[in-house]
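Reader: Could you walk me through this structure, step by step?

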Amino acid sequence: MKAQNEKVNKLHVKTGDTVKVISGNDRGKTGRIVSVKRELNKVIVEGINLVTKHNKPSAKNPQGGISKMEAPIHASNVQLVTASGAVTRTGKRAGENGKLQRYSKKTGDLI
């Protein structure tokens, strides 16, 4: 169980970002982030890291069966893809109103 003073990490990607997998079995594939688990430093990417789940028959699903679902992947194994299609690292800088904004370290454009 987590201690009270344990801090939750901020990640370089958010829900809805398009990312490219840079290591693992799905290396080179791109997808959109469906959800982020900050306490575990993991993300779930649409169509990436598919695992097989065996479902027992139930009232909702009387047939049961086998289904494919996305499993979490560590955030360090994905890299953000810009609108132009290039992968980039991200940084944060203050905008004109003083609020922090993400930007591409490769091009300097806001994300």
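Author: Let's begin with a definition: helices (H or I, at least four residues) and strands (E, at least two) are DSSP runs, numbered from the N terminus. Residues are numbered from 1 along each chain as its sequence is written. This is a predicted model, where local features need pLDDT of at least 70, side-chain atom pairs count only at pLDDT 80 or more, and totals for chains, interfaces and linings use all residues, while side-chain values use heavy atoms, leaving out hydrogens and water.

Reader: Is serine 104 buried or exposed?

Author: Serine 104 belongs to strand β10, residues 100-104. Buried means under 20% relative accessible area, exposed over 50%, and partly exposed in between (1.4 Å probe, protein chains only). The relative accessible area of serine 104 is 2%, so this residue is buried.

Reader: With which side chain does the side chain of serine 104 make a polar contact?

Author: A polar contact is a pair of N or O atoms within 3.5 Å; within protein, one must be able to donate a hydrogen and the other to accept it, and residues adjacent in sequence count only if both atoms are side-chain atoms. At 3.2 Å, the partner is the side chain of threonine 107.

Reader: Which strands stand at the edges of the open sheet of six strands?

Author: Two strands pair if DSSP finds at least two bridges between them. The order here is β6-β3-β2-β1-β7-β8, with antiparallel pairing. Each edge strand has a single partner, so one side is left without a neighbour in the sheet; these strands are β6 (73-74) and β8 (87-88).

Reader: What is the bridge partner of valine 36 in β3?

Author: Strand β2 (residues 30-37) is joined to β3 by four bridges, and the two run antiparallel. In β3, valine 36 has as its bridge partner valine 43.
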